Amino acid sequence: MNVPIPGQAAPASPPIPHLTLATGAPIPVLGFGTYKIAPTDAYDAVSRALDAGYRHIDTAQMYGNEAEVGAALEASGIAREELFVTTKVDNSNHEPERAARSIAHSLERLRTDYVDLLLVHWPLPTLYGGNVALPWPALEESYAAGQARAIGLSNYERIHVEAVRAVARIAPHVLQVEAHPFFPNGALRRYAHELGMVFEAWSPLARGRVTTDPTLLKVAEELGVGPAQVALRWALDRGHVVFPKTLNPTRMASNIDVFSFALTCDQRKRIDALDSGESGRTGSHPATMDRL
Ligand SMILES: NC(=O)c1ccc[n+]([C@@H]2O[C@H](COP(=O)([O-])OP(=O)(O)OC[C@H]3O[C@@H](n4cnc5c(N)ncnc54)[C@H](OP(=O)(O)O)[C@@H]3O)[C@@H](O)[C@H]2O)c1
């Protein structure tokens, strides 16, 4: 949302609920994802998302769009403390010195003194001598220096989280992994919640697949909403933090409009039954992902 013009009402945007991180800071439960948003599209996409009421933006060094995301955040005129910005240390930057340099560069590109959340993007257990905790001290230093207000892990399986926790001075605050109706990743969610980590679900729309699923379409019809809204509401009910991605302004508006309806217990159970285990996964498996 831009700075309100005197005499004009600010656009109505629904307040987005928050969870509380182990740091005590709030994290909006719904944000805007920027994976595969090309640099040429990212400024407009993020500007539109902010206009639509999103305040939580998820990016990554790997996405190549931090500079455009940063420019849109700055141009919005929204106070920094109203925004929640996440970035992720790239696979090529796990060596401690590279990690530290890359974090400084991310902050420059994002035009900010700090990110609200800094994640290691992938554990890469087949690289870096199998040391999935290699970049963690650099994240801890960023946290101590105030460059990151919270730190966490992305795509880490339980065994990888345990390896980090075994050497950590600061336990990770967040776990971001793939999760949606076809691959709910329930055991990992329960593990994260037991540890007091916020659980973030990437690809909450299964990269669009939720919009053609007969069960989700039926529940959507029953509620008079869209299937993407149903999938997002289901995720929020499970305690997931979500950040759907779209370049389409109408979808941007509907994806954030998920707080004015509720799923019944029966509807939730029918969606739970879509769990296809490993075959429901849309992205790389963390045990074998090795792209630098
Ligand atoms: N940590 C990681 O390794 C990791 C991996 C993947 C994703 N993520 C994060 O999670 C975010 C979300 O995941 P994602 O981008 O992979 O996938 P997603 O949000 O599950 O799905 C995005 C796809 O759904 C379509 N879509 C969005 N809203 C829709 C609606 N209301 N109706 C119909 N189609 C709709 C979009 O197409 P249009 O653009 O054409 O609308 C796009 O093709 C990413 O952007 C990124 O920030 C993190």
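Close-up 1. A polar backbone atom of Lys245 lies 3.0 Å from an oxygen atom of the ligand, a polar contact being a pair of N or O atoms within 3.5 Å. On its own the ligand has 900 Å² of accessible area, and the protein covers 87% of it (Shrake-Rupley method, 1.4 Å probe). Residues are numbered from 1 along each chain as its sequence is written. In this predicted model, local features need pLDDT of at least 70 and side-chain atom pairs count only at pLDDT 80 or more, while totals for chains, interfaces and linings use all residues; side-chain values use heavy atoms, leaving out hydrogens and water.

**Close-up 2. The shell around the ligand.** Look for 27 surrounding residues, with Asp58, Gln176, Ser203, Thr246 and Arg251 the closest (a heavy atom within 4 Å). Eleven are nonpolar, eleven polar and five charged, with Gly counted as polar.

Key
A polar contact is a pair of N or O atoms within 3.5 Å; within protein, one must be able to donate a hydrogen and the other to accept it, and residues adjacent in sequence count only if both atoms are side-chain atoms.
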